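Please consult the sequence and structure shown below.

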Amino acid sequence: MEVTLKINGINFKVDPQQIPPGTTLSTFLRTHAKLTGTKSMCLEGGCGACTVIAMGHHPVTGKEWIGAVNSCLMSIYSCHGLEVVTVEGLGGRKTGYHAVQARLAKMNGTQCGYCSPGMVMSMVGLIEQRKGKFSMEDVEKNFGGNICRCTGYRPILDAFKSLAEDADLSLTSPCSDIEDLPQKCPKTEEFCKGTCSKVLKNISLNFPDGGKWFKVQQVKEIFEIINVSHDKKFMLVAGNTGHGVFRRDSDISVYIDVKDVENLRGYTIGNDLEIGASVSLTEMMEILKKAAESSKFSYCNDLAEHLQLVGSPSIRNLATIGGNLMLKHKHKEFASDIFLMIETIGGKIEIADNEVKRNILSLPEFLQTKMERKIITKIILPELNSSQMKLKFYKIMQRAQNTPSMINAGFLVKFSKENVVEMASICFGGINETFMHARRLEKHLQGKSISSNDTLRSSLEILNEELLVSDSSQSADPKYRKLLAMGLFYRFILSSLSDEKVNKKIISASKPTDRLLSSGKQTFKKFPESFPLTDAIPKWEGTIQTAGEAKYANDLLPQPGELWAALVQARKVNAVIKKIDASTSLNIPGVYSFFSAKDIPGVNGFTPVRNGEDLVENEVIFCSHKVLFNGQPAGIILAESFDLAQKAASLVEIEYEETDEKILPTIWDVLRENATERINEHPPKIEATSYGSETKMTMSGHWESGSQYHFTMEPHTCVCFPTETGMEVHSSTQWMDMVQVAISDALKVPASSIHMVVRRIGGAFGSRITRGSQIACAAAIACHLAHRPVRLVLPLEANMEIIGKRYPCIGDYTVDVNERGSIQRLRNDFMQDFGCSLNESVIWLSMKWFKNCYDDKSWDVIGRSVITNAPSNTYCRAPGIIEGMAMIEDIMEHIAKKTGLDPVDVRLANMPEDSPMRSILLEFTKTVDYGIRKKQIELFNKENRWKKRGISIVPMKYPQMYVGTLPALVSVYHGDGTVAICHGGIEMGQGVNTKAAQVASRFLGVPLSSIVFRPVDSMTSANCAVSGASSTSDGICLSVMRACEMIMERIRPVREEMNNPSWKDLVQECFLRSIDLTALYVYKAEEIPNYDIWGATCTEVEVDVLTGNVQILRVDILEDTGESVNPLVDVGQIEGSFVMGIGYWLHEEIIYRPSDGKLLTNRTWNYRPPGARDIPVDFRVTFLQKPNPNFVLKSKATGEPALAMTCVIVFAIREALYSARRDAGLEEWCELGAPSTPAHILLKSGTNPKDFSI
């Protein structure tokens, strides 16, 4: 017996003798169906890269259902009878592109392109589910499960909102040349109407390892299987989304697919609302809306609305009620919103003990019930008289969507008369493992009027005593969670009262801040006389990215004899490895080889110091002695599949000799333990040349900023295979030359025998400059020793545990100022967390950018390095730069607060008189209406106690530097005059190919459509510099321009002789005359003198002082771009850079467990880059376009400067907190750093339940 399904209209069979039960749809699509357009990244439904469309038959309604799903979670054996559409099935170069694909490309909604197929499929899922009827707001809410690290989301949302029924003309007009949406099911050529064939039959599958898979249609069949399974562990399978939260047990041998069990998929509306346990959350929302049409279930609208905060659309399409409740049953700490909603309203749950016995239980009873060999059959929701009741649910998250709650709450109050409580049900999640109801508070409220301040105060006192908040390293601060819970109770009370009973100053506290529809405005000039240079054309590879046709390293089709690799990680920090035993793993069928440090033929190192001044030690590929950090690679194992390799790696046993050395994974641990031997002064430093003599005030302060993971959408990847001359290596690296040198050293082979190839990479941000070398070396060693092709793709957890991150920074300063706020003397001592190695110091960058645009003659600045038990930290977009600028700008803010001056005036007082920034900043403050808005904010804050706004401006002087060499080979083909370019710049989303195409088109005089790009390789681009530091596009454009000029100079005499012939005739004649139509030029850094990039950013925020949540209301970015080669590309760089900064300052926390150094934030479940609804509501970018005299194309770099200015976000937040702290009677100044999460913000706000009033 086999499982059958259709993929893009083609029948596929799944053979259980060949494909294990844990195989996901994503793996099957990529490995077996060879459809690599569907990307693979997090493997837990948190990033959206793997999204596809699934269509199937509903066992109850008889209709077809269709929706976007996460293929990385869905088992291939759950797909029996389904039809799956991947991005390839929508459209492509052969069949024509789908309107969604075309619009996303046209509106510059791609950069690295790795997330693009998933974005497209999520949008198509919305279109299909809504049958083409959706609003722009629906679009914005639809992408909570799709992460994009590059674009900043704005162009993606604009592209998709242009398809909405209420789309603004400004969004639709750019797409007037693109056909309207086909809006059709890819199979039936129209909206899904239930015409697909039904496949409803039981299946029973046996696997070689003794495992079994069943698909059933009746509850009794479930128990028949359970009864014969005896002591075998079984799992009921529906959506399998729980695996994205808590990993499923590895010893499950019996799987029962229950998604088509009719009794578990239906619902009835009678005296109660009964919903089957296998109903998906999406379907549940529709059922609740339908039930709400009846007055006795009108409250169900509140439940449906709250469900929008659970997961993402693609998760809700798969996740089931029963699955969610069973997660809560097994993991009591799980703050389930489903559980909370049902318990708040007094719902029940039906449990089946066997085929006939059913028990109706309350949810607390359910948690106490042993569920072995039992199943949930349905939930039962009671009727409620909404006219006498008030029901509210809240979920407070670290970002806007698809994130577990820090606290969730449900409030149901029945009133006997106006505002007098007859009954109350008050539930909180996230307090501790056992807390559900605030029982004492519920009892206390009975018979009391909630409009009384006395009732409020006494209730808060009781709630304060009742909330026993647990402490956990993976949960927000207990003080915050208690304060948050009390604030939510206060919010509920206010929301239950009519406006006239509430003080006007606090009425805004009754509800969360409404998020308006986001929008953007981009202001720039184009110069038609230079076209196609300066034209805002879409990215060269944009369309193939949206169609999944753009290939990345792991999209290379499997090679004959290929093996998958997994890294074996050492876990005992500071212990010494004595022995590594892989025998258990090697005894597993399909596992082939294990290699460790002792097997390396040459040098056990991946950072050859001859490759750069910033490399001071050769870090080991495989640890063989002392373990420097938890997760350090100690070897590599090879197996037939990715999953098998991961399993085998986990079974390798490492024997250690432990030491007494303390485990100190962070800079804060080092300081706490006073481990001064790990701290060293690190050059360079800034020394004052003179001090001022007008000191009127002295102040001191402290600065802290944390780490940040790059979160590239493409995992670190390397594919190696033997060739007749040595080895071909496909690595996701930014520095091809370094990888080649490191592999050559490790294998003890000539560098010329290592042929490097890089087509493109799925984001980088510095993470692949040196760190990719370790992954490539490991794969190359395995390939060399096994004599077989090897594919190494790091799972997200391994990526985050092995790869270094942004440098945490701590600083202390003392500053003397005069009455104008001008610095007379400044001393800043800061230290940065290097991780386990001194490689890649960014202290010099922090020093350079600490100066920013100010006069530093009276400054003394010293930097120190700190060694910790963490991976060696590495470059991360604007490395050291964001920290250096933030430190000095924080000092400017402190001066302003202490002197009572406006922060803009303080900044002007510290700038040299001849600085261009003076006029830029003054004009910018006028353009953004800084003064007017500041007065409006002051009024708003005066009129609102629990909502506060703030505004801030930060100026920037960004010294752009160039290093190394970058080649470009331009070839013109005589047959038709088309052009191919191969250059040494790694395309990672920055648009280097697009700009290079514009240059070639301009200087050769050929259309853009005639130009193609070949992958970067180590033959044509030998010895080339790293692609990074925002400099690659300029270098490549210069090389391409010079190569084109060389060709044009060669053909000039022929052109003059032929009297202006067509390009095709000209190159053909040149060919016949043996004129070389290829040219190689190698740019040298000296050809582009370093220059300054000027900029300023203004940010306005609103802070919810009851929760700590922040909404960024408006951002204005002014950036000096010169004459932008491509304004669309540069806008994307600026917006994406800024949104990455939003993550750094507000959301992204790196947390290590002190006891063993384990990284606790290593997944999408607990590490949270910004999502589509975290971006500024009003996002404006303006170019300052003065020609750059230092570059022949007159443009400037744009990749990183905007990120350097993002400290403006926390300064605006602090401006808002000044008002809150003033209201609370506290000193206004407070220290904020990165990340300033809701917990940090609320605890700094001065919010105190004693100040709550009505």
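## Basis of the report

This is a predicted model, in which local features need pLDDT of at least 70, side-chain atom pairs count only at pLDDT 80 or more, and totals for chains, interfaces and linings use all residues. Residues are numbered from 1 along each chain as its sequence is written, and side-chain values use heavy atoms, with hydrogens and water left out.

UniProt positions follow the numbering used here, feature names are shortened, and annotations may be inferred rather than shown by experiment.

Glu 1200 lies in the loop between strand E41 (1178-1184) and helix H35 (1201-1204); helices (H or I, at least four residues) and strands (E, at least two) are DSSP runs, numbered from the N terminus. With a relative accessible area of 9%, Glu 1200 is buried (buried means under 20% relative accessible area, with a 1.4 Å probe and protein chains only).

Leaving aside residues up to four places away in sequence, the contacts of Glu 1200 include Arg 877, Ala 878, Pro 879 and Tyr 958; contact means heavy atoms within 4.5 Å. The Glu 1200 side chain reaches the backbone nitrogen of Ala 878 at 2.6 Å.

## The annotated binding site

The unreviewed UniProt entry places "binding site" at Lys 395, a residue of strand E15 (residues 389-396). Lys 395 counts as buried, at 11% relative accessibility.

Beyond residues up to four places away in sequence, Lys 395 touches His 306, Leu 309, Val 310, Asp 337, Thr 403, Pro 404, Ser 405, Ile 407 and Asn 408. Its side chain reaches the backbone oxygen of Leu 309 at 3.0 Å.

Technical notes. Buried < 20%, exposed > 50% of the residue type's maximum accessible area, 1.4 Å probe, protein only. Polar contact = N/O pair within 3.5 Å; in protein donor to acceptor, adjacent residues only side chain to side chain.
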